Amino acid sequence: GALGEHLGGARRMRTLRLELGQNQVRDAGTGRLGAGLGRAPALATLSLDLAGNQIGDRGAGPMAEGLASATSLEAVHLAIDWRRHAKITAAMTQRRATLALSLA
């Protein structure tokens with residue numbers, strides 16, 4: 001939760017790589033992380049590994065909303081469990097950003 005809250009205050013951060021796969025990340029943490037990413041005004045490149053976590057619709061929805069509102073994103077690499085996180089995948093494929101997905 002704290003990480004997501006601090007991301008919104010990172011005004012100059014252009015690149016972020018988070019390796020959170022297999023870390024027991026749950027809905028609440030994912031939602032706060034998504035909200036923080038959506039408020040990072042300069043974030044252009046994101047590499048985010050969330051594969052193998054315990055994220056349901058309650059976490060995937062806010063993450064998708066946060067990523068969709070991150071208007072400065074130009075390149076995104078997501079490692080997610082795509083069958084469970086179609087909302088995140090759909091939000092990113094609607095963007096004009098370069099998108100690379102690692103779909104587990």
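Student: Which element has the lowest mean pLDDT?
Tutor: This is a predicted model, and the chain averages a pLDDT of 82. A score of at least 70 is reached by 79% of the residues. By element, the mean is highest, at 95, in strand E1. The lowest mean, 57, belongs to residues 98-103, strand E4.

Student: In what order do the elements of the chain run?
Tutor: The chain holds four helices and four strands. Read from the N terminus on, the order is α-β-α-β-α-β-α-β.

Student: What is the handedness of the crossover from E1 through H2 to E2?
Tutor: E1 and E2 run parallel and are joined by five bridges. One of the pairs is Arg17 with Ser47, the latter in E2. The chain passes from E1 to E2 through H2, and this β-α-β crossover is right-handed.

Student: Which element gives the most residues to the largest nonpolar core?
Tutor: This core has 24 residues, and Leu37, Leu46 and Leu48 touch the most other members. Two or more residues each come from E1, H2, E2, H3 and E3. The element that gives the most, four residues, is H3.

Student: Which residues is Leu46 in contact with, leaving aside its neighbours within four places in sequence?
Tutor: Leu46 is one of the residues that touch the most other core members. In soluble globular proteins, nonpolar side chains tend to be buried together. With those sequence neighbours left aside, the contacts of Leu46 are Leu16, Leu37, Leu67, Leu73, Ala75, Val76 and His77.

Student: What span should H2 have, and which elements cover its buried residues?
Tutor: H2 has twelve residues, so at 1.5 Å a residue it should span 16 Å, which agrees with the 16 Å between its end C-alpha atoms. Its buried residues are Thr30, Gly31, Leu33, Gly34, Gly36, Leu37 and Gly38. What covers them includes H1, E1, E2 and H3.

Student: Which residues of H3 are buried?
Tutor: H3 has 13 residues and reaches 18 Å from its first C-alpha to its last, close to the 18 Å expected. An α-helix has 3.6 residues a turn, so residues three or four places apart point the same way. The buried residues of H3 are Gly59, Ala60, Gly61, Met63, Ala64, Gly66 and Leu67.

Student: Is Ala42 buried or exposed?
Tutor: Ala42 lies in the loop between H2 and E2. Its relative accessible area is 17%, and the cut-off for a buried residue is under 20%. Ala42 is therefore buried.

Student: How many Å apart in space are Ala42 and Ser72, C-alpha to C-alpha?
Tutor: Leaving aside neighbours within four places in sequence, Ala42 is in contact with Arg11, Arg12, Met13, Arg14 and Ser72. Ala42 and Ser72 are 30 residues apart in sequence. From C-alpha to C-alpha, their separation in space is 5.9 Å.

Terms used:
Residues are numbered from 1 along each chain as its sequence is written. This is a predicted model: local features need pLDDT of at least 70, side-chain atom pairs count only at pLDDT 80 or more; totals for chains, interfaces and linings use all residues. Side-chain values use heavy atoms; hydrogens and water are left out. A nonpolar core is a set of buried Ala, Val, Leu, Ile, Met, Phe, Trp, Tyr and Cys residues joined through side-chain atoms within 4.5 Å. Buried means under 20% relative accessible area, exposed over 50%, partly exposed in between (1.4 Å probe, protein chains only). Contact means heavy atoms within 4.5 Å. The expected span of a helix is 1.5 Å times one less than its number of residues. pLDDT is the predictor's confidence in each residue, from 0 to 100. Two strands pair if DSSP finds at least two bridges between them. A crossover is right-handed if, with the strands pointing away from the viewer, the path from the first strand over the helix to the second runs clockwise.
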